[in-house]
Amino acid sequence: MKKYIWPFLALGLSYCQEKAAPPAPILPVPNERQIAWQELQYYGFVHFNMNTFSDREWGFGDEKPEQFNPTELDAKQWARVAKEAGMKGLIITAKHHDGFVLWPSAYTEHSVKNSPWRDGKGDLIKEFADACRAEGLKVGIYYSPWDRNHPDYGKPEYVTYMRNQLTELLTNYGEIYEIWFDGANGGTGWYGGANEERKVDKFTYYDWPTTIDLVRKLQPKAMLFSDAGPDVRWVGNEHGFAYETTWSNLMRDSVYAGMPEFSEKWATGQENGTHWVPAESDVSIRPGWYYHAYEDHKVRTLPDLMEIYYKSIGQNSSLLINFPVDRRGLIHEKDEEAILQLAAKIKEDFAVNLAKEASAESTSERGFGYEAENLLDGDFNTYWSTPDGEIQASVELDFGKEVSFNRLLLQEFVNLGQRVKAFSLEKEVNGTWKKVANGTTIGYKRILRFPDTQAQKIRINFLDGKGIPVISEIGVYSAPALLFPPKIIRTPAGKVTITAAEKSQKIYFTTDGNAPKSGENPFKGELEVLEATTVQAIAVDPISGKSSEPARVDFDLAKGNWKAVSADSNVVRAVDEKTQTYWTSQNNELVLDLGREVPIKGFTYLPMQARYPSGYIAAYSIQLSQDGKSWKEAAKGEFSNIQNSPIEQLIRFDQVPAKFIKLKALRTADGNPATFGEFGVLTK
Ligand code: FUL
Ligand code: CA
């Protein structure tokens, strides 16, 4: 509306025209601490402590300080990676459930001061804080209330211990931006040698109000995280996903840290929540929070990480990605590579805000100072709003020419409360409006993803809310397709499916060993592979024409006609072509009837891929038979390093025709019954 006014006239008007009254806040609203924090959005976790050396996720508490011995620890490397990844801060596990502390606390001997690291003179919290600040990162502290080492855990004395340690942490290391209180408490522990289960009433035992007062006194700017806040809440899962409807409002008084029904009932926040307690999505870049060499091949892929980004930051939540720092004391090369790929892709997706070049008009405007132009100025603190009572309104953007886009970003000026409950995006097609996408809540930031669409004019309709819309920013982007080698999988019956990371992409494939080419042999969903065949495929973005790197799977015999010989019906999980399922064999062997005689030249064994490994075969014997009764050993040997690297093992031997095959575990890595993630026969 204002765009036709000459600059001097606008200037004159701004002198004589008073800014209209701002919208009244809708409670709850964020406090100053929360307003400063919400801009950070993206920061990192460092899980590095005793578990790194005991190879556990939850240490029992009986570990010895001598075990803590990183060889090349360099907190500067952590900070450099986090900074390059675009993170704004880092949070370190100063003390995890096993009780070992990373600083020379005066209140315990269970600390770095009794470890070989830096001859017991090290202070990792100091090194960490210095490294972060040198990179301009904010410093955060994770402190586990549960302590499986401390003899007094469960008694009032322990709560004093906890406060003494918090006082050290919050006094000696400069400004702390977030303090992270974990809600986990499994009960059992070493507890100074008592070796027992200690249950505490999580609601009353820690006397949180007193601890919160202490934190406020020592670090008035620090955000306090726990399931229940008070400043920032857990998102309720460890996948890094917030919800399509995510409120920063929380019925805070109904929630306490560690309550069992939290995820189901409270994690999304509530429209009528009484307090401002925004969500934080925490997720590890690997399955575990702590480093395990056996997860080196399970670092999250770029599509996974992008999904996390859009479902956390894109759904009104901050994002906390964890680095399981390794035994050297470094962020592993693979984790670094993955996080930098994510950073590059985010940059690419949001490189150009098409809305910046557009003109904006709204169906209704609050008055001077709240114009639709405020939506496009890149400033969160300027916003568009409507007259009191006008909850429904639309904003129209005219790009001046047809543009192609697939992302809509909206920010509510939540400093006046979260309001929007429903909105939609439409585009103009020959004079009529057609729906493109819609959403529910917005909050600090909401990003909608939808297939590429073209238009010169779009409009955003604010359809329902707790009050009039108060919107800071609109962004419209054309994110280049995520080109990733497609996934190639097969059913036991031999049906092959090939899927790309994004639906709009075309897939081209080959089965003759040649490299797939764009435009040649498109995948139409019909492919059967029963014999040894190499399937290769690429994904091609229809708009840019760009191709992904090829994916390649060397299939061998399909497993549909095989019969696993076992009384346990779960045995099928060893040959179901699913890498995530596994079978545990009580007699340490897997016997298969292949249904016909085949020329066997070897086999493949995929160890179980589930989170907590058990029964990896470390030494094997492979035996063949014509009748399932008399067996002949075809090969025997070792799967070296399987514990640390549980990838598919492939063993070849001289061809033998056989109808039956048996894989026998001579030894498992941990002595537990043998497990089989997936077994295959090689004929080529
Ligand atoms: C959980 C803990 O039990 C995990 O070990 C990890 O620290 C994660 C961030 O929080 O509750
Ligand atoms: Ca603005």
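Start with helix 7, whose buried residues pack against helix 6 (156–171), strand 4 (178–181) and strand 7 (223–225). Contact here means heavy atoms within 4.5 Å; helices (H or I, at least four residues) and strands (E, at least two) are DSSP runs, numbered from the N terminus. The model is predicted, so local features need pLDDT of at least 70 and side-chain atom pairs count only at pLDDT 80 or more, while totals for chains, interfaces and linings use all residues. Residues are numbered from 1 along each chain as its sequence is written, chains are lettered from A and ligands numbered from 1 in the order in which they are written, and side-chain values use heavy atoms, with hydrogens and water left out.

**Helix 7**

Select residues 208–218 and show the side chains of Trp208, Thr211, Leu214 and Val215, the buried residues of this helix. Looking down the axis of helix 7, these buried residues fall within an arc of 120°, so they line one face. That arc is taken over the directions from the helix axis to the C-beta atoms. Pro209, Asp213 and Lys217 are exposed on the other side of helix 7. Buried means under 20% relative accessible area, exposed over 50%, and partly exposed in between (1.4 Å probe, protein chains only).

**The nonpolar cores**

Next, colour the largest nonpolar core, which has 80 residues; Phe68, Trp78, Ile321, Ile339 and Leu342 touch the most other members. Helix 6 gives the most to this core, with 7 residues. Domain 1 (32–349) and domain 2 (352–477) both contribute residues, so the core lies between them. The domain bounds come from an automatic or database domain assignment. A nonpolar core is a set of buried Ala, Val, Leu, Ile, Met, Phe, Trp, Tyr and Cys residues joined through side-chain atoms within 4.5 Å.

Centre on Ile339: not counting residues up to four places away in sequence, Ile339 touches Tyr42, Val81, Ala85, Met87, Ile285, Ile321 and Phe323. Another core, of 32 residues, lies apart from the largest one and includes Trp583, Leu590, Ala665 and Phe679.

**Salt bridges**

The structure holds 34 salt bridges, each a side-chain nitrogen of Lys or Arg within 4 Å of a carboxyl oxygen of Asp or Glu. Select Arg80 and Glu84, whose side chains meet in one of them (3.3 Å, N to O). The two are 4 residues apart in helix 4 (residues 75–84), separated by about one helical turn. Glu84 is partly exposed at 43% relative accessible area, and Arg80 is partly exposed at 31%.

Glu336 counts as buried, at 17% relative accessibility.

Move to Glu196 and Arg198, which meet at 2.7 Å, N to O. Glu196 is partly exposed at 36%, whereas Arg198 is buried at 13%. Then select Lys345, Glu348, Asp349 and Arg407, joined into one network by salt bridges that share partners.

**The calcium ion**

Finish at the calcium ion (ligand 2). Its protein donors are Asn374 (O), Asp377 (OD), Asp379 (O), Thr382 (O), Thr382 (OG1), Ser472 (O) and Glu473 (OE), lying 2.2 to 2.6 Å from the ion. Donors are N, O and S atoms within 2.8 Å of the metal (3.2 Å for Na, K and Ca); water is not among the atoms, so sites may look incomplete. Along the chain the donors follow the spacing N-x2-D-x1-D-x2-T-x89-S-E. Thr382 lies in the loop between strand 13 (359–362) and strand 14 (384–385) and Glu473 in strand 19 (residues 470–477), so the pair ties together parts that are 91 residues apart in sequence. Thr382 is partly exposed, at 21% relative accessible area, while Glu473 is buried at 7%.
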